[in-house]
Amino acid sequence: PHPNNGGAHDMVVYEGKIYAGTRGWDIGCQVWRYDGGATWAQVNQDGFGITTPTDNMQIWAMAVYAGKMYAGTWNQVSGCQVWRYESGTTWTQVNQDGFGIATPVNNDSIHNFAVCGGQLYAETPNDGGGCQVWRYDGGSTWPQVNQNGFGIGDPPDNEDIWAMASCGGR
């Protein structure tokens with residue numbers, strides 16, 4: 001949809017429409033809704049409207065949870081962000097930047113979301129301390145629910161999770 005988008009890394013169906021999250025090195029990440037034919041409409045401000053939009057340069061993961069759409073960003077400056085879609089072009093950030101892990105900024109992206117047992121899970125790669133899994137119940141907190149890198153190695157060897165899925169409530 002925009003000539004400076006470097007690709008769409010995730011898509012979801014929300015309220016009967018397809019939404020795509022993009023990478024925009026020089027404009028910031030964008031979310032686009034497919035309206036049929038050749039028509040797409042941008043439904044967020046570039047980079048979610050933060051002071052420097054290009055800090056939120058990419059959306060790696062999207063999910064629908066509890067009737068709302070969520071997007072997770074790649075932000076190497078202040079840490080990953082999770083945004084919830086409200087309507088129109090309005091989004092609300094629902095996590096602390098980098099889940100509160102700011103120095104050094106190792107939680108800089110969210111590669112996956114999974115919905116399981118009525119909760120939303122997010123995974124962050126962490127080169128210095130091992131991958132982390134965070135759980136959201138729709139309130140205001142995101143507790144970490146795994147040991148860094150699942151406790152393997154010192155420092156942890158498991159730096160990333162490339163896919164997550166729910167099966168049988170697990």
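Is Arg84 buried or exposed? Arg84 is buried, with a relative accessible area of 19%. Buried here means under 20% relative accessible area, exposed means over 50%, and partly exposed lies in between (1.4 Å probe, protein chains only). The model is predicted: local features need pLDDT of at least 70, side-chain atom pairs count only at pLDDT 80 or more, and totals for chains, interfaces and linings use all residues. Residues are numbered from 1 along each chain as its sequence is written, and side-chain values use heavy atoms, with hydrogens and water left out.

The salt bridges come next. A salt bridge is a side-chain nitrogen of Lys or Arg within 4 Å of a carboxyl oxygen of Asp or Glu. The whole structure holds 4 of them. Arg84 meets Glu86 in one, at 2.9 Å from N to O. Glu86 also forms a salt bridge with Lys68, at 3.4 Å from N to O. Glu86 counts as partly exposed because its relative accessibility is 26%. Lys68 is partly exposed too, at 27%. Arg33 pairs with Asp35, and their closest N and O atoms are 2.6 Å apart. Shared partners join Lys17, Arg33 and Asp35 into one network of salt bridges. Asp35 has 31% relative accessibility, so it counts as partly exposed.

Strand pairing was then examined. Helices (H or I, at least four residues) and strands (E, at least two) are DSSP runs, numbered from the N terminus. Two strands pair if DSSP finds at least two bridges between them. Strands of a sheet pair through backbone hydrogen bonds, either parallel or antiparallel. An open sheet of 4 strands has the order 5-6-7-8, and its pairing is antiparallel. Strand 5 (58-65) and strand 8 (90-93) stand at the edges with a single partner strand each, so one side of each has no neighbour in the sheet. On average, neighbouring strands of this sheet are turned by 30° against each other, direction ignored. Such angles are taken between axes, which are lines fitted to C-alpha atoms (for helices over the stretch in contact), and run from 0 to 180 degrees between N-to-C directions. Strand 7 (residues 82-87) and strand 8 run antiparallel and are joined by 4 bridges. Arg84 has Thr92 as its bridge partner in strand 8.

Strand 9 (residues 112-116) runs antiparallel to strand 10, with 5 bridges between them. Ala114 is bridged to Tyr121 in strand 10. The hairpin of strand 9 and strand 10 has 2 residues between the strands, and Gly117 takes a positive phi near 55° there. Strand 10 also pairs with strand 11 (residues 132-136), again antiparallel and over 5 bridges. Glu123 finds its bridge partner in Val133 of strand 11. Strand 10 is mostly covered, with 5 of its 6 residues buried.

Aromatic contacts were searched as well. Rings of Phe, Tyr and Trp (its six-membered ring) pair if their centres lie within 6.5 Å; planes under 30 degrees apart count as stacked, over 60 as edge-to-face and the rest as tilted. The structure holds 16 aromatic pairs. Phe48 and Trp83 are stacked, at 4.9 Å centre to centre with 5° between the planes. This pair spans 35 residues: Phe48 is in the loop between strand 4 (39-42) and strand 5, and Trp83 is in strand 7. Phe48 and Trp83 are both buried. Trp60 and Trp162 are edge-to-face, at 6.2 Å and 75°. Trp60 sits in strand 5 and Trp162 in the segment after strand 11, 102 residues apart. Trp60 is partly exposed at 21% relative accessibility, whereas Trp162 is exposed at 61%. Ring pairs also link Tyr14, Tyr19, Phe48, Trp83, Tyr85 and Trp91 into a cluster.

Cysteines complete the survey. A disulfide is a pair of cysteine sulfur atoms within 2.5 Å. The structure holds 0 disulfides. The sulfur of Cys80 lies 12 Å from the closest cysteine sulfur, in Cys29, which is too far for a bond. Cys116 is in no disulfide either, and the nearest cysteine sulfur, in Cys167, is 9.1 Å away. Cys80 is buried at 0% relative accessibility, and Cys116 is buried at 10%.
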